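Colleague: I would like to go through the labels in this model one by one. Please set each value against its cut-off.

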Amino acid sequence: MRTTMLQSIRSSLHKSSSSSPLRRSYSSQSAPERKVAILGAAGGIGQPLSLLMKLNPLVSSLSLYDIAGTPGVAADVSHINTRSEVVGYMGEENLGKALEGADVVIIPAGVPRKPGMTRDDLFNINAGIVKGLCTAIAKYCPHALVNMISNPVNSTVPIASEVFKKAGTYDPKRLFGVTTLDVVRAKTFYAGKAKVPVADVNVPVVGGHAGITILPLFSQATPQANNLSDEEIVALTKRTQDGGTEVVEAKAGKGSATLSMAYAGAIFADACLKGLNGVPDVVECSFVQSNVTKLPFFASKVRLGKNGVEEILGLGSLNDYEKQGLEALLPELESSIEKGIKFANQS
């Protein structure tokens with residue numbers, strides 16, 4: 001029973017939006033050594049994310065960092081009988097050791113959103129945390145793929161880019177805002193409403209990673225359901241955009257979307273590892289430096305490879321409702337991007 005459950009979790013982690021027989025058959029026996037560092041590993045997202053990455057056979061070394069509590073998390077997950085060796089690092093003086101040699105760095109560090117808290121409130125706390133962590137990444141593992149989970153992603157990714165530019169290490173192909181949770185939600189909500197198996201569903205989600213900047217493209221969903229009304233699509237769009245708030249309110253002040261975010265973060269990190277290892281046709285949505293729109297950063301489908309972003313895919317055909325959504329999100333997303341850049345350059 002337990003073995004079957006573990007195999008099921010691993011299988012889920014390795015199944016992504018563009019799975020193929022070749023990708024599914026990719027085994028740990030041929031996988032190279034890969035170090036993954038999680039910054040904020042003792043937090044609400046960090047702990048389940050550490051568990052999920054410990055289950056990933058593509059990870060040979062799992063480095064867990066936080067300002068406190070890391071030894072306990074590391075000891076706990078290190079007892080799991082999977083490939084990776086786990087080391088926990090606590091305190092700023094050990095951040096460099098945690099990062100050295102990392103192939104992928106995942107950043108869920110910072111405070112979660114609580115009832116009544118805006119993303120501006122989050123920004124005021126998390127921006128400084130992200131800036132400090134990225135300064136260390138530039139020094140200790142400048143070639144790592146950086147997966148930014150810390151909110152607000154629309155601003156923290158631009159902050160990271162400016163930090164890396166100042167350090168002379170910026171490679172836009174290696175910096176990602178993790179928007180996978182938006183895709184996970186869109187798939188789940190769409191499958192439930194369209195009455196199709198969720199495992200078969202794919203829905204691209206573009207734009208950003210907050211409120212109306214999240215734009216699920218249900219017109220491009222597969223399998224395409226013709227039984228959904230315009231009103232249902234509008235409701236699905238709003239629910240996808242407000243998914244984080246739905247969880248915050250349901251937890252009544254005792255947490256945010258930590259478990260689903262950890263799952264989404266693990267899915268995207270797995271895709272990055274597959275790309276690094278040369279698995280073909282790895283496509284996920286992510287918030288990256290982009291020329292898809294007039295904005296310097298934008299979330300869309302990207303093809304991942306040995307250097308990070310191999311190709312940024314276009315938006316495809318949008319219906320009128322999606323075109324309106326795109327026009328509506330651009331000013332807000334632009335403001336968030338500028339806010340991050342300004343913070344990075346003035347502080």
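Colleague: What makes the side chains of arginine 239 and glutamate 246 a salt bridge?

Modeller: A salt bridge needs a side-chain nitrogen of Lys or Arg within 4 Å of a carboxyl oxygen of Asp or Glu. Arginine 239 and glutamate 246 meet at 3.0 Å, N to O. That meets the cut-off, so the pair counts as a salt bridge. Before we go on: this is a predicted model, in which local features need pLDDT of at least 70, side-chain atom pairs count only at pLDDT 80 or more, and totals for chains, interfaces and linings use all residues. Residues are numbered from 1 along each chain as its sequence is written, and side-chain values use heavy atoms, with hydrogens and water left out.

Colleague: How do you know what confidence the protein chain has?

Modeller: From pLDDT, the predictor's confidence in each residue, from 0 to 100. The chain averages 92, and 90% of the residues score at least 70. Residues 16-28 stay under 50.

Colleague: Are arginine 239 and glutamate 246 buried, exposed or partly exposed, and why?

Modeller: Buried means under 20% relative accessible area, exposed means over 50%, and partly exposed is in between (1.4 Å probe, protein chains only). Arginine 239 has 38%, so it counts as partly exposed. Glutamate 246 has 35%, so it too counts as partly exposed.

Colleague: How many salt bridges are there? And why does the one between aspartate 103 and arginine 34 tie parts together?

Modeller: The structure holds nine. In the bridge between aspartate 103 and arginine 34, the closest N and O atoms are 3.3 Å apart. Aspartate 103 sits in the loop between helix 5 (95-99) and strand 4 (104-107), and arginine 34 in the loop between helix 2 (21-24) and strand 1 (35-39), so the pair ties together parts that are 69 residues apart in sequence. Helices (H or I, at least four residues) and strands (E, at least two) are DSSP runs, numbered from the N terminus. Arginine 34 has 15% relative accessibility, so it counts as buried.

Colleague: What links arginine 303 and aspartate 281?

Modeller: A salt bridge, with the closest N and O atoms 2.7 Å apart. Arginine 303 lies in strand 10 (residues 297-305) and aspartate 281 in the loop between helix 11 (258-276) and strand 9 (282-289), so the pair joins parts 22 residues apart in sequence. Arginine 303, at 24%, is partly exposed. Aspartate 281, at 39%, is partly exposed. Aspartate 281 also has a positive phi of about 60°, although it is not a glycine.

Colleague: What makes lysine 195 exposed?

Modeller: Its relative accessible area is 70%, so lysine 195 is exposed. Lysine 195 also has a positive phi, near 60°. The residue lies in the loop between helix 8 and strand 7 (205-207).

Colleague: How much space lies in the largest pocket, and how much in the largest cavity?

Modeller: About 720 Å³ lies in the largest pocket, and about 70 Å³ in the largest cavity. On a 1 Å grid over the protein atoms alone, a cavity is a set of points where a 1.4 Å probe fits but cannot get out; a pocket is an open set with protein on both sides within 12 Å along at least five of seven lines; lining residues have an atom within 4 Å of a point. Points are joined across faces, edges and corners, and a volume is the space filled by probe spheres set on them.

Colleague: Which residues line the largest pocket?

Modeller: There are 40, of which Pro108, Ala109, Gly110, Val111 and Pro112 lie nearest its centre. Helix 6 gives the most, with seven residues. UniProt, in an unreviewed entry, lists Arg113, Arg119, Asn151 and Arg185 under "binding site". The lining takes in these four: Arg113, Arg119, Asn151 and Arg185. UniProt positions are given in the numbering used here, feature names are shortened, and annotations may be inferred rather than shown by experiment.

Colleague: What kind of peptide bond joins asparagine 151 and proline 152?

Modeller: A cis bond, with omega about -5°. Asparagine 151 sits in the loop between strand 5 (145-148) and helix 7 (153-167). Leaving aside neighbours within four places in sequence, asparagine 151 is in contact (heavy atoms within 4.5 Å) with Leu122, Asn126, Thr156 and His209. A cis bond also joins threonine 222 and proline 223, with omega about -5°.
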